[in-house]
Amino acid sequence: METRRRKRFIAGAVCPQCQSADTMMLYMEHGVEKVECVHCGHHQSQAEEKVASAAGGDLIGVFRPE
C-alpha cells in the first residue's frame, strides 16, 4: 500500500530529461526530498546534508541504538 504524497509543483522548473516546463513535483518520502517529472517519470532525490555527509566513503549507514 502506497502512502499519499503531498505534491508541490515547482513553477518554472524544466525537466532535465524531457525538457517539459512546469511538470516537476516536489515531495518528501521517508525524510528524503524527491523531485519527479509527471510527464516522463524522471526523478531525483536529495538527502539531508548531515545524512549525505555521513554517507561519504565506505559508510553504508549509521546505527544508533536507543
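**Ground rules.** This is a predicted model, where local features need pLDDT of at least 70, side-chain atom pairs count only at pLDDT 80 or more, and totals for chains, interfaces and linings use all residues. Residues are numbered from 1 along each chain as its sequence is written, and side-chain values use heavy atoms, with hydrogens and water left out.

**Confidence.** I looked up pLDDT, the predictor's confidence in each residue on a scale from 0 to 100. The chain averages 77, and 65% of the residues score at least 70. Strand E1 (residues 8–9) has the highest confidence, at 90, while helix H1 (residues 49–54) has the lowest, at a mean of 57. Where pLDDT is low, the predicted coordinates should not be read in detail.

**Strand pairing.** I count strands as paired if DSSP finds at least two bridges between them. E2 and E3 pair antiparallel over six bridges, with leucine 26 opposite valine 35 in E3. Their hairpin has two residues between the strands, and histidine 30 takes a positive phi near 55 degrees there.

E3 is also joined to E4 (residues 43–46), again antiparallel, by four bridges. Here I found glutamate 33 opposite glutamine 46 in E4. This hairpin has five residues between the strands, and glycine 41 takes a positive phi near 90 degrees.

**Core.** Next I looked for a nonpolar core, meaning buried Ala, Val, Leu, Ile, Met, Phe, Trp, Tyr and Cys residues joined through side-chain atoms within 4.5 Å. Buried is under 20% relative accessible area, exposed over 50%, and partly exposed in between (1.4 Å probe, protein chains only). The largest core has six residues: Ala13, Cys15, Met24, Leu26, Val35 and Cys37.

I then checked leucine 26 for contacts (heavy atoms within 4.5 Å). Neighbours within four places in sequence aside, leucine 26 touches Arg6, Lys7, Arg8, Ile10, Glu33, Lys34 and Val35.

**Whole chain.** Of the 66 residues, 17% count as buried. Among contacts between residues at least 6 apart in sequence, 12% join residues at least 24 apart.
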